[in-house]
Amino acid sequence: MAGNNWNRPKNPQNPRTHQPGGSNAYKPPAAKFNEPQPLLDHIPSPYNFVPLSRNVVLLDETRRRSVSQDVPVSDGLSGTLKLTVKAVSPIYIRNGGAHPIETVDKNTHPDYTDFYRLYPEGPYGIPGSSIKGMIRSVVEIASFSKMKLVDDHRYSIRNLDNQKAYTDHLTDSKSGAYEPRAMAGWLKDGGNGQWHLYPCSFGRVEQSDLARYHGNGFKPWIRQSGVKKYTTWLNTFPNMKLRCRIGKKQRHTHGHGAFIYSKVDQLGNGPHEGVVVLTGQPAEWDPDKPGSWKRKKHMEFVFFDPKSEPVEIPQKLKEEFVFVHCESNGLPNEEWKYWKKKMQAGERVPVFYLGTEQKPTSMGLAMMYRLPYQFSIGEAIAHSCADHRNPILDFSEGLFGCVNDTAGIKGRIWFRPMTVIGDPKPQGKVVTILNSPKPTFYANYVEQQGGSNGQAGADYTTFMDEDCTIRGWKRYPVRRTNPSPIKPLDNQKKLETAFRPMPVGTQFTGEISFHNVRPEELGAVVWAIHL
């Protein structure tokens, strides 16, 4: 398949720690003591892509008029297909219903680990939507239809090793010293769903100075979230305010470079007042070992001099902020959950933002925050062919139906739930790691410009680039052997999931009903089923 590079680029985001697809972790070759481990020249992955078509075939006006459930066409067909599915490997579909939120509770909950049932306590089965989605995807590819049924999110990036796509957007280099581009402000809920930003200034303060001032076991250099830092601090003090001295913005030399910022010191008795702002600690350092802070985060922030006039946050920026600070399941991450609760109680939230003081373009809860990409998934798809976003019907939409911004077309084919044949029972519980897709891993999900050896060049294409496009329809090639589930480590309890699959040989039966479809449409569905 043209454009499908099986040999992927070297070390885009440290493949030693990244597990594409979550089911075949990178295992470097064994190395002797103190001997560096070689990197693979590709990223192992259980999936690949059918590239996006550079041309989309849309229905002409005559065919569009014939897409109807009510007006018969001369060669229209109506009827039912009986379908039987046999599992040639263990098969699993999660049972529906309300399940516990915490991982440990989920994995011990019988309904959560059970196979899908057609109704509570009813027979096992396969939802009609699962079969429909599988068949529709194949028909879309084969008929040169649009790739439209996607979550058109604007994802984000936080990769300190990617200067072009990330660090250049958040820092300026001035005479060999780095100055943050991010500005600071206080975010408040103005009511009626409207957010307001109050810009302010900010300085940097050494973690060791904060620990001495706190004097009650506050150790911000230990690897931890910002929430845990706040909890420890507020166990001693009622708020984050303090007296201090705030210096002028100037150059400061550190062990790994020079930085421009306002230094904050004389905590507790300085001439100024500020508010301590804490963020997560990604790497630990030891204050008793000189120099151990080098290339580690060893400073926090102090916000001061807030403006009295608020800036209104656009709805789009608000939605992007919330999306970036939520987990893949849509729930707030630890930091946003903490601040969201305070915001709802009328308190202000410290944020950093880019843009101008009167027109922010992005914002986050840390100075080097997750930066939204320039292009969304849908916009990147349109870079391949603009017709992927054309409202005119294509072959797949005309058959399966679609919903647009202002109207919808009913489908002319229905996939009914499939019911298990006989009385097979789910197997024993399997506990493993099944990570969700990571479209932000641009080395795999964005089309890269590579040489004849299939390897990408020096610069990776990301959703920041004007010519970016996604690699296509994601497909999992059929395997001759069943991979062994990954056994979670002791520190991976939050990542593990449990389920009880149906055994090999389990069969399901169901029906596909169709009405007023043309022979070529029915043929496409039958062909996709047999494929």
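Contact is taken here to mean heavy atoms within 4.5 Å. On this basis, residues 24 or more positions apart account for 75% of the contacts in the chain that have a separation of 6 or more. The model described is a predicted one, and its secondary structure comes to 13 helices and 24 strands. Along its principal axes the C-alpha trace spans about 85 × 55 × 55 Å. Of the 531 residues in the chain, 44% are buried, while the accessible surface comes to about 28900 Å², with 51% of that area belonging to carbon and sulfur atoms. The charged side chains comprise 69 positive and 53 negative ones, and the centres of these two sets lie 4 Å apart.

Helix α13, which covers residues 519-530, has 12 residues and reaches 17 Å from its first C-alpha to its last, close to the 16 Å expected at 1.5 Å a residue. The buried residues of α13 are E521, L522, A524, V525 and A528. These residues cover an arc of only 155° around the axis, which puts them on the same side of α13. The elements against which the buried residues of α13 pack are the helices α1 (61-65), α4 (128-142) and α11 (395-400), together with the strands β2 (77-86), β19 (413-415) and β24 (507-517).

In helix α5, formed by residues 163-170, the buried residues are A165, Y166, T167 and L170. Seen down the axis of α5, these residues fall within an arc of 140°, so they line one face of the helix. The cover over the buried residues of α5 includes the strands β4 (156-157), β5 (171-174), β6 (177-180), β14 (349-355) and β16 (371-372).

Backbone geometry was considered next at two loop positions. Most residues other than glycine have a negative phi. N192, although not a glycine, has a positive phi of about 55°, and this residue is placed in the loop between β7 (183-191) and β8 (194-206). Because its relative accessibility is 88%, and exposed means over 50%, N192 counts as exposed. Q266 likewise has a positive phi, near 50°, in a residue other than glycine, and is found in the loop between β10 (257-265) and β11 (272-277). With a relative accessibility of 37%, Q266 counts as partly exposed, since that class lies between the 20% limit for buried residues and the 50% limit for exposed ones.

Two further positions illustrate links between parts of the chain that are separated in sequence. I313 is placed in the loop between β13 (311-312) and α8 (315-324), and counts as buried because its relative accessibility is 2%, where buried means under 20%. Leaving aside neighbours within four places in sequence, I313 is in contact with L187, Q194, W195, H196, L197, K318, P360 and M363. The C-alpha atoms of I313 and K188, which are 125 residues apart along the chain, are separated by 10.0 Å.

Apart from neighbours within four places in sequence, V430 is in contact with P485, T497, A498, F499 and P501. For V430 and P501, which lie 71 residues apart along the chain, the separation between the C-alpha atoms is 7.9 Å.

Terms used:
Residues are numbered from 1 along each chain as its sequence is written. This is a predicted model: local features need pLDDT of at least 70, side-chain atom pairs count only at pLDDT 80 or more; totals for chains, interfaces and linings use all residues. Side-chain values use heavy atoms; hydrogens and water are left out. Helices (H or I, at least four residues) and strands (E, at least two) are DSSP runs, numbered from the N terminus. Buried means under 20% relative accessible area, exposed over 50%, partly exposed in between (1.4 Å probe, protein chains only). Accessible areas come from the Shrake-Rupley method with a 1.4 Å probe; for residues, only the protein chains shown count as cover. Lys and Arg count as positive and Asp and Glu as negative; His and the chain ends are not counted. The place of a charge is taken as NZ of Lys, CZ of Arg, CG of Asp or CD of Glu. The expected span of a helix is 1.5 Å times one less than its number of residues. The arc is that of the directions from the helix axis to the C-beta atoms.
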